[in-house]
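Thanks for coming, everyone. I have one structure for you today, so please look at the sequence and the model on the screen.

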Amino acid sequence: MSKPQLLRNVSILGALHHGKTILSDMLIQSTYLDPPKISNTYQDPKYTDSRLDEMERGISVKASAFQLLLQDSREKSYGFNFVDTPGHPNFSDEVSAGLRLTDNVLLVVDILEGVTTYGIRLIESALK
């Protein structure tokens with residue numbers, strides 16, 4: 001975009017199975033009039049978990065980036081660059097890379113589990 005003040009870079013963080021990828025998929029589906037068709041024989045369409053090993057395991061292994069154009073209540077448009085990060089602690093290097101690339105964090109917390117120990121570690125990493 002020619003106006004960097006209208007860009008927002010956001011990492012989507014959270015513990016394993018707290019809904020980061022589902023939130024990402026729902027954002028993509030809700031903003032496109034005709035969402036891209038993904039051939040996925042495993043489940044519902046996944047836009048950010050496109051690797052075969054991610055589909056087989058049912059978890060994110062690599063961080064995935066996507067961009068959306070969103071409007072605020074005054075109909076001013078902003079470009080959002082999202083990075084959907086894995087929630088498993090073994091892939092925390094992907095989270096670290098995502099945090100270095102972005103200025104903002106969207107922390108996803110499962111309401112039934114609450115903030116986990118790994119969630120606290122993610123908050124501390126984001127604050128650094």
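What share of the 128 residues in the protein is buried? Buried residues make up 38% of them. By buried I mean under 20% relative accessible area; exposed is over 50%, and partly exposed is in between, with a 1.4 Å probe and protein chains only.

Some ground rules. This is a predicted model, where local features need pLDDT of at least 70 and side-chain atom pairs count only at pLDDT 80 or more, while totals for chains, interfaces and linings use all residues. Residues are numbered from 1 along each chain as its sequence is written, and side-chain values use heavy atoms, with hydrogens and water left out.

Now confidence. pLDDT is the predictor's confidence in each residue, from 0 to 100. The protein has a mean pLDDT of 87, and 89% of its residues reach 70 or more. Among the elements, strand β4, residues 104-107, has the highest mean, 97. Helix α2, residues 52-57, has the lowest, 80.

Next, the layout. There are four helices and four strands. Helices here are DSSP runs of H or I with at least four residues, strands are runs of E with at least two, and both are numbered from the N terminus. Along the sequence, the pattern reads β-α-α-β-β-α-β-α.

Two totals for the whole protein. Take contacts, meaning heavy atoms within 4.5 Å, between residues at least 6 apart in sequence: 61% of these join residues at least 24 apart. The protein exposes about 8200 Å², and carbon and sulfur atoms supply 53% of that area. Accessible areas come from the Shrake-Rupley method with a 1.4 Å probe; for residues, only the protein chains shown count as cover.

Let's go to helix α1, residues 20-31. This helix has twelve residues. From first C-alpha to last, α1 reaches 17 Å, close to the 16 Å expected at 1.5 Å a residue. The expected span is 1.5 Å times one less than the number of residues.

Which residues of α1 are buried? They are K20, T21, S24, D25 and I28. They cover an arc of only 135° around the axis, so they sit on the same side of α1. That arc is taken from the directions from the helix axis to the C-beta atoms. The buried residues of α1 pack against β1 (7-13), β2 and β3. On the other side of α1, I22 and S30 are exposed.

Over to the aromatics. The structure holds two aromatic pairs. Rings of Phe, Tyr and Trp (its six-membered ring) pair if their centres lie within 6.5 Å; planes under 30 degrees apart are stacked, over 60 edge-to-face, and the rest tilted.

Why does the pair of F66 and F82 count as stacked? Their ring centres are 5.2 Å apart and their planes are at 20°, so the pair is stacked. The two partners come from distant parts of the chain, 16 residues apart: F66 is in strand β2 (64-71), and F82 is in strand β3 (77-84). F66 is buried, at 12% relative accessible area. F82 is buried too, at 6%. F80 and F82 also form a stacked pair, 5.6 Å centre to centre with 10° between the planes. Together, F66, F80 and F82 form one aromatic cluster.

On to the loops. H17 is not a glycine, yet its phi is positive, about 60°. H17 is in the loop between β1 and α1, and is exposed at 56% relative accessible area. E75 is not a glycine either, and has a positive phi of about 65°. E75 lies in the loop between β2 and β3, and is exposed at 60%.

Last stop: helix α4, residues 117-127, where we find R121. R121 is partly exposed, with a relative accessible area of 45%. The buried residues of α4 are Y118, G119 and L122. Their arc is only 100° around the axis, which puts them on the same side of α4. They pack against β1 and α3 (92-101). On the other side of α4, T117 and L127 are exposed.
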